[in-house]
Amino acid sequence: MDGVVMALALAFGLVLLISVSLSGLAARTVLSTALLFLVAGALIGQGGFGLVDIPSNGAFVTGLADLALFTVLFTDGQRAGLPSLKESWRLSGRALGLAMPLTMVGIAVPTHYLTSLDWTTSFLIGAILSPTDPVFASAIVGRTDVPLRLRRLLNVESGLNDGLALPFVLIFLATAANRDTDFGGIAIELVAGLVLGVAIPAAIALAWRLKILTAEPRLQALGPLAVAVVLYATCHLTHANPYLAAFAAGATLATMDRVSAEHFEHFGDLLSETTKFAALLVFGALITPERLSHLTVGDWAVAVIAIVLIRPAAMMLSLVRTPLPARERSVAAWFGPKGFASVVYGLLALQAGIPAGEHVFDLVAITIALSIVLHSSTDVPVAKALRIEPPDNLPTGRPEPLSQKESS
């Protein structure tokens, strides 16, 4: 196992170096750093050069995907304080209350008829693929010149729908495995996650207001990181929902201690990017020809329909009669990429021992991979369609000519 970890570490370092070096080009073109890591993972895995062999049902894969999702949600939550949530709730509430259930059902129906899976398993796939992860659309969500209401809509939707999808995943998993569903236990997990996500950072933020607890400026960014570590461990020890807790904690800190949130913002973005890329590398290594060879035309059709038809249609329907302009509605409808929540839930299905567990994971895997390819390579063109030009003043690494320095 040590050899596998070191091979992964070497591959991660090399791809990270290449991605950083090409990030300026990626910001102006369809080149995607997320796609680079996914492809690199596929190349070093058993479907490529066979440098690493990672068991898909191992704790390492599940733990990494879980940590990446928690980190991304905690960071995203800090962009959505209480004032932002109040202002964007009308649109986000429609996305969560209408578009998400429509997406779940919309994916389940073609899955049942195109893959011959039973209804319970089909709805399980619908629940797994219903959350969105606009972190792959960084040119949209991460740009301050994109309309604020659009960024808030996508950010709040993705931050909350990961946790909201979990009860449905657990219910359909228990049904598929012929186990009694503990509805009370699931509700307790969700409520506990929300309570911990608010209570722990709120208590710490209030304590930081004491004069004796004053952080040195260069260490202030570590305060929210410490909160995240404490919360992550507490959620897993108490079996509370860590995803709702992560987003709630980020939003609570942004509301109660804006200074700490601002100090953490740049560091948090780098941290979430690092964990995200590591998870993508490992996920790519799991996608092998052997795993995909048994998939039918119907399976591939489900993946395409889920991304190109179901999500856009559900979102457009949910945004009818809202003040959002037609162009922004179209962007919100398109950017429903499948991300880490679906990876984690797909791994849960694989490890749950249900009859079609392998089939479920493979179908989820190709949908996520296709989503990453499509969404991470269309963010810049869509940004241009919104009449927002990608940055053109990025450093080139070359020294500036003396004549230009003097003229400036």
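This is a predicted model: local features need pLDDT of at least 70, side-chain atom pairs count only at pLDDT 80 or more; totals for chains, interfaces and linings use all residues.
**Entry: helix H3**

I read off 19 residues for H3 and a reach of 27 Å from its first C-alpha to its last, close to the 27 Å expected at 1.5 Å a residue. I also looked at its cover: H3 is mostly covered, with 15 of its 19 residues buried.

**Entry: the cores**

Which residues touch the most other members of the largest nonpolar core? I found Ile54, Leu124, Tyr345 and Val360, in a core of 83 residues. Helix H11 (residues 258-286) gives the most to this core, with 10 residues. I also jotted down a second, separate core of 17 residues, which includes Leu150, Leu154, Leu319 and Ala332.

I went back to Ile54 for its partners. Leaving out residues up to four places away in sequence, Ile54 touches Val4, Leu8, Val61, Val282, Ala285 and Leu286.

**Entry: two positive phi values**

I kept one general point in mind here: most residues other than glycine have a negative phi. His239 has a phi near 65°, a positive value in a residue other than glycine. I placed His239 in the loop between helix H9 (222-238) and helix H10 (242-256). At 57% relative accessibility, His239 counts as exposed.

Arg321 went on my list as well, with a positive phi of about 65° although it is not a glycine. I found Arg321 in the loop between helix H13 (297-318) and helix H14 (326-334). Its relative accessible area is 74%, so I logged Arg321 as exposed.

**Entry: the whole chain**

I counted 18 helices and 0 strands in the protein chain. Of its 408 residues, 53% count as buried. For contacts between residues at least 6 apart in sequence, I noted that 82% join residues at least 24 apart. The accessible surface of the protein chain comes to about 18300 Å², and 66% of that belongs to carbon and sulfur atoms.

Technical notes: Residues are numbered from 1 along each chain as its sequence is written. Side-chain values use heavy atoms; hydrogens and water are left out. Helices (H or I, at least four residues) and strands (E, at least two) are DSSP runs, numbered from the N terminus. The expected span of a helix is 1.5 Å times one less than its number of residues. Buried means under 20% relative accessible area, exposed over 50%, partly exposed in between (1.4 Å probe, protein chains only). A nonpolar core is a set of buried Ala, Val, Leu, Ile, Met, Phe, Trp, Tyr and Cys residues joined through side-chain atoms within 4.5 Å. Contact means heavy atoms within 4.5 Å. Accessible areas come from the Shrake-Rupley method with a 1.4 Å probe; for residues, only the protein chains shown count as cover.
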